[in-house]
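Morning, everyone. Please have the structure open on your screens.

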Amino acid sequence: KINQIRNHVSEKIDNAKDVFEAAELNQKLSGEKIDLSEPVRTQKQGLIHPISKVMQEIEDIFSELGFEFSTGPEIEDDFHNFTALNMPEDHPARQMQDTFYLKDSDLLLRTHTSNTQIRKMLNSEPPLKIAALGRVFRRDSDQTHTPMFHQFEGFMVDENVNMGHLKWILESFLEKFFETKNLELRFRPSFFPFTEPSAEVDINYAIEQGRIKVGSKSKDSKFMEILGCGMIHPNVLTNCNIDAEKFQGFAFGIGVERLAMLKYGITDLRMFFDNDVRFLQNFGFEE
Ligand code: PHE
């Protein structure tokens, strides 16, 4: 009798459980119902800033050319930014670059990526093939200058490095970067305290259908300066404990914003840093 009652009760409990479970499932399913007629919510995808894009491209090309990437600190001391680069304390060339100094210290915001040359040469032995990408700072602000901008620096130190190597590397890079075989490079003698001889390099361009075209051979084409370079001054090698009788090197520095403006037809430097999404929507990259 007792067993019968027990069976009866557990059957009731099992039934009740089934009812509750079915109700729960139904409730869940109805909550997950998809209304296919509802409009889709658009997805917002972020875009890559043209400066980041250019830096990626530079990294791709120079990695392929066998360069190692390294970047020195943005807060630097006087020695690595100036003195070791053959600019002793009252050297007039220091005034070529308006420097942000940190209060009550020997520190400053680096004015160029050339500090990487010094840091790398002091810490390693040649042969060296180094490329550096990074932010630099100068007290300059107008349509063509921003107090912060990006530079790309490359240098090589070995026993038989000459201007020919420099020229070949620059030509290969610029042809790849601007995707043209019609590039004409003009090496113009110039001056930097840390290179001797020094040159500025100009490339040919023209405005075609309202857009800037690098490597144009049209009859209206002109030259525009895009970078500084030269053979590393023996004093700089000596300052970095490298035997200047045995080793030579080349170095060059390019403005990343300038490269981006030329390649993507961006006309105002300040647009890069205004943080206006409309700029990114126009000039950003998906990958
Ligand atoms: N550091 C220089 C500048 O900022 C560029 C440069 C780099 C020139 C390396 C020669 C060699 O103006």
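Start with a pair of residues: Cys-229 stands opposite Phe-252 in β10. Keep in mind that this is a predicted model.

Now step back to the strands. β9 and β10, residues 248-255, run antiparallel and are joined by five bridges. Strand β7, residues 195-208, is also antiparallel to β9, with nine bridges between them. On that side, Cys-229 of β9 has Ala-199 as its bridge partner. Is β9 mostly covered or mostly open? Mostly covered: eight of its eleven residues are buried.

Second stop, salt bridges. How many does the count come to? It comes to 14. Take Lys-263 and Glu-57. Their side chains meet at 3.1 Å, N to O. Lys-263 sits in helix α7 and Glu-57 in helix α2, so this pair ties together parts 206 residues apart in sequence. Both of these residues are buried.

Lys-263 also meets Glu-179 in a salt bridge, at 3.6 Å, N to O. Glu-179 lies in the loop between α5 and β6, so that pair links parts 84 residues apart in sequence. Glu-179 counts as exposed, because its relative accessibility is 63%. Lys-263 is at 18%, so it counts as buried. There is a network too: Arg-186, Arg-188, Glu-200 and Asp-202 are joined by salt bridges that share partners.

Last stop, His-49. Look for it in the loop between α1 and α2. A polar atom of the His-49 side chain lies 2.9 Å from the backbone oxygen of Phe-272. Leaving out residues up to four places away in sequence, His-49 touches Phe-272, Phe-279 and Leu-280.

How values were computed:
Residues numbered from 1 in each chain as written. Predicted model: local features only at pLDDT ≥ 70, side-chain atom pairs only at ≥ 80, totals over all residues. Heavy atoms only, no water. Helix = DSSP H or I, 4+ residues; strand = E, 2+ residues; numbered from the N terminus. Polar contact = N/O pair within 3.5 Å; in protein donor to acceptor, adjacent residues only side chain to side chain. Contact = heavy atoms within 4.5 Å. Buried < 20%, exposed > 50% of the residue type's maximum accessible area, 1.4 Å probe, protein only. Pairing = 2+ DSSP bridges. Salt bridge = Lys/Arg side-chain N within 4 Å of Asp/Glu carboxyl O.
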